Amino acid sequence: MLTALNLFNYIDRSVLFGVQDLIKREFHRSDTAFGLLTTVFFVFYMIAAPFMGPLSQRFSRRAIIICGALIWSGATLMTAITHTFDELLIRHTLVGIGEASFVTLSPTFIADMFPEEKRGRVMGVFYLAIPVGTAIGYMLGGYLGQTYGWRTPFYIGAAPGVLLALLLLFIPEPPLGQFDLEKPTPQRETLKGLTRNPAFLTATLGMAMMTFALGGLQVWMPTFLIRVHHFSFVKAGLTFGVSTAVTGLTASIAGGWISDALLRRTRSAHYLVSAVSLALGIPAMWLAIYGDGKTMLAAIVLAEFLLLLNTGPLNAAVINSVGPHVRAMAIAVNIFVFHLLGDVPSSSLIGYMSDRYSLRAAFVAPVIAVAISSAILFYGMRFAPPVHFQSKVEPVGAH
């Protein structure tokens, strides 16, 4: 249920990227303005995230997730009455606030269902909704936007979110920390402790630089295919959407399984798999940006696979770096930091560089960010916490 809701979360978020040039024709705004639109979304999203941890200590995590899903789905449906760029901006901020509750609390919900040695693959499954949902959003936006107008795909993406949110009323909430075998040290149970936790800090900073790259590419890649390679809206959305869906499905699951398998050999497996996959993605990204024809398309597929391979391992590294009672707060801090340094500035920066130079030249920034991310994660390997293996796992509700 949570994975399905996460899927529609990213469908709602990425529909915009498939129809940006259609909206631009109506509102006559620059690339910088459209980059700012995504930046404002993430600003409100990351400001709302830190409030979710304290709320989860007073109310049910499930109830907060449901309320947030209803807010973001309702705001997406408000696109029907959006007729100015400023109204679109307001609608986007409401979606960001609603999504913050789900993205902050759902990983803690899932972490309490599985022991540490399985969290890499579980997070890989949960977060495969990012590339698949993003891909579906591109395809919905490209096809429905060109055929029926840019507002239509927003309606289709929002309606299932309401239904899934209501169905969550029937899902039991697992006990907090039921599979965390050892209590964490008091230092790591505080916000101040997070600033002294190198395992958490390196995973978060590595994720921030990776998010800078992925966030910028997700916003601008369909537009890149349309402008630079003269694809139609439908072809651009379909090409990048299918690539993102296929690579996301395979890479997210494969990365989680590989890192979980390597955990018995090295406790730094989550960091190692992420660092290596990002390093290997750099030459593929360069070919995707500066290549043409089949070479360019093959490089896009390979680059996406290598960048998305770290999805499960890196999120598992963040979750395992802290104890259960501080986990919601840690994820909130993680979200704030990786958006502040990641996709908040990247979409606007790429838009600005596109206006000033070219979109192809602007894509050099994500390549540099991936190199920095890989270096941080290689350094973070030395701080990976020990893993406590559990031979038998009791089902949720067995206690």
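This is a predicted model: local features need pLDDT of at least 70, side-chain atom pairs count only at pLDDT 80 or more; totals for chains, interfaces and linings use all residues.
How many aromatic pairs does the structure hold?

Residues are numbered from 1 along each chain as its sequence is written, and side-chain values use heavy atoms, with hydrogens and water left out.

1. **Aromatic pairs.** There are 9 aromatic pairs (rings of Phe, Tyr and Trp, its six-membered ring, with centres within 6.5 Å; planes under 30 degrees apart are stacked, over 60 edge-to-face, the rest tilted). Phe 126 and Tyr 127 form an edge-to-face pair, with ring centres 4.8 Å apart and planes at 75°. Both Phe 126 and Tyr 127 are buried (under 20% relative accessible area; exposed is over 50%, partly exposed in between, with a 1.4 Å probe and protein chains only). Ring pairs also link these two with Trp 72 and Phe 102 into a cluster.

2. **A pair across the sequence.** Phe 224 and Phe 363 make a tilted pair, with centres 5.0 Å apart and planes at 45°. Phe 224 sits in helix 11, while Phe 363 is in the loop between helix 18 (359-362) and helix 19 (364-380), so the pair ties together parts that are 139 residues apart in sequence. Helices here are DSSP runs (H or I, at least four residues), numbered from the N terminus.

3. **The core.** Phe 363 turns up again here: in the largest nonpolar core, which has 111 residues, Leu 225 and Phe 363 touch the most other members. Helix 11 (residues 198-227) supplies the largest share of this core, 17 residues. Such a core is a set of buried Ala, Val, Leu, Ile, Met, Phe, Trp, Tyr and Cys residues joined through side-chain atoms within 4.5 Å.

4. **Salt bridges.** The whole structure has 5 salt bridges (a side-chain nitrogen of Lys or Arg within 4 Å of a carboxyl oxygen of Asp or Glu). One of them joins Glu 26 and Arg 151 at 2.9 Å, N to O. Glu 26 is partly exposed at 35%, whereas Arg 151 is buried at 16%. Another joins Arg 121 and Asp 260, also 2.9 Å, N to O; these lie in helix 7 (residues 119-127) and helix 12 (residues 233-262), 139 residues apart.

5. **The surface.** Leu 169 lies in the loop between helix 9 and helix 10 (191-194). With 49% relative accessibility, Leu 169 is partly exposed.

Notes. Helices (H or I, at least four residues) and strands (E, at least two) are DSSP runs, numbered from the N terminus.
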